[in-house]
Amino acid sequence: MLLIIVPVIALTIFFAWRYRKSNTAAKYEPDWDHSTKLELVIWGAPLLIIIALGLLTWISTHLLDPYRPLTRLDAKRPLAADVKVLEVQVVALDWKWLFIYPEQGIATVNELVTPVDVPVRYKITASTVMNSFYIPALAGQIYAMPGMQTTLNAVINKPGNYEGFSANYSGAGFSHMRFQYHGVSQSDFDAWVKDTKAAGGSLDRANYLTLEKPSERDPVRRYGAIDPALYDAILNRCVGEGAVCMNKMMAADAKRAKQQDNCETPAPTLSMKNNDARRN
């Protein structure tokens, strides 16, 4: 703003002084009405400012894209090219949070643990209604929607205990839909995974259907083993026995539509064949 305001105020004072009535040396041009140079200055400066602000907005907006893989751990430390990203699958239930660690083969309810300075890719979905996954100390909120998957790439830089919750109203138990997020060292994370595995308990499809039922103020639960295909079944809404997965249903619909389009294409008639023969 000052790039515009300061020159305008300075020129206003200059013109008032330069063309005052008592200044008989000032050039008098009553028929003057246009100057290309002045037009370029008047319109060029605001245009350049708009272009600069547009570029800054475009760049910063894409840098904040939660789907974009991280390129640095913080403002001073770039991310190594060979770093291994930790994957956590997040499922918003009524009214609790399920966290699945596919590579570690464990799962937790209302407890999220990740190592400090390790990039994490969160794959987020919901079981019934839309929620919003939000850890204020970590990153912005990302919606969790049934039958859809959203993504958040984030990293925690300081060890500590933080609070996470749903930032989107989802029914009677919404107020208590909270969980604890722990940022720990890599060694502590490895020990936690080992203890969780040793504690036993398995999260298969039958146990998930029980867990999915609405409940409030659920305590922390840990599962030492999981069904590897559970998250995909939740995402495609086919956990229950006999349910058809959405991705298979959509693939079948697309195949059927393609076959129908092929059937509607008119077959070449005898006259069309004769015309082709004549042209040849």
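Predicted model: local features only at pLDDT ≥ 70, side-chain atom pairs only at ≥ 80, totals over all residues.
**Exercise 1. Determine the strand order of the open sheet of 6 strands and identify its edge strands.**

Solution. Step 1. The order is β8-β5-β1-β2-β3-β12, and the pairing is mixed.

Step 1. β8 (150-154) and β12 (221-223) are the edge strands, each of which pairs on one side only.

Step 2. From one strand to the next, the twist averages 20 degrees. Axes are lines fitted to C-alpha atoms, for helices over the stretch in contact, and angles run from 0 to 180 degrees between N-to-C directions.

**Exercise 2. Determine the strand order of the open sheet of 5 strands and describe two of its pairings.**

Solution. Step 1. This sheet has the order β4-β10-β9-β6-β7, again with mixed pairing.

Step 1. β4 and β7 (142-144) each have a single partner strand and stand at the edges, so one side of each lacks a neighbour in the sheet. Neighbouring strands are turned by 25 degrees against each other on average, direction ignored.

Step 2. β4 pairs with strand β10 (residues 178-184) in the parallel sense over 5 bridges. Here Leu112 is opposite Tyr181, and Glu111 has Gln180 as its bridge partner.

Step 3. Strand β9 (residues 160-166) pairs with β10 in the antiparallel sense over 6 bridges; Gly160 has Gly183 as its bridge partner in β10.

**Exercise 3. Is strand β4 (residues 111-115) largely enclosed or open?**

Solution. Step 1. Buried means under 20% relative accessible area, exposed means over 50%, and partly exposed lies in between (1.4 Å probe, protein chains only).

Step 1. In β4, 5 of the 5 residues are buried, so the strand is largely enclosed by the rest of the structure.

Step 2. In a regular strand the side chains alternate between the two faces of the sheet. In β4, Glu111, Val113 and Pro115 lie on one side and Leu112 and Thr114 on the other, and all are buried.

Step 3. Helix α3 lies across β4 and β10, running at about 135 degrees to β4. Contact means heavy atoms within 4.5 Å. Helix α3 (residues 186-199) also lies across β1, β2 (96-101), β3 (106-109) and β12, at about 90 degrees to β3.

**Exercise 4. Describe the surroundings of Thr114 and Tyr122.**

Solution. Step 1. Thr114 is found in β4 and, at 0% relative accessibility, counts as buried.

Step 1. The side chains of Thr114 and Tyr181 make a polar contact (2.6 Å). A polar contact is a pair of N or O atoms within 3.5 Å; within protein, one must be able to donate a hydrogen and the other to accept it, and residues adjacent in sequence count only if both atoms are side-chain atoms.

Step 2. Leaving aside neighbours within four places in sequence, the contacts of Thr114 include Tyr122, Tyr181 and Phe189.

Step 3. Tyr122 lies in β5 and is likewise buried, at 0% relative accessibility. With neighbours within four places in sequence again set aside, its contacts include Leu112, Thr114 and Tyr181.

**Exercise 5. Characterise the disulfide between Cys238 and Cys245.**

Solution. Step 1. A disulfide is a pair of cysteine sulfur atoms within 2.5 Å; by this rule the count comes to 1.

Step 1. The S to S distance between Cys238 and Cys245 is 2.0 Å, and both residues are buried.

Step 2. The torsion about the S-S bond is about 75 degrees, so the disulfide is right-handed.

Key:
Residues numbered from 1 in each chain as written. Heavy atoms only, no water. Pairing = 2+ DSSP bridges. Helix = DSSP H or I, 4+ residues; strand = E, 2+ residues; numbered from the N terminus.
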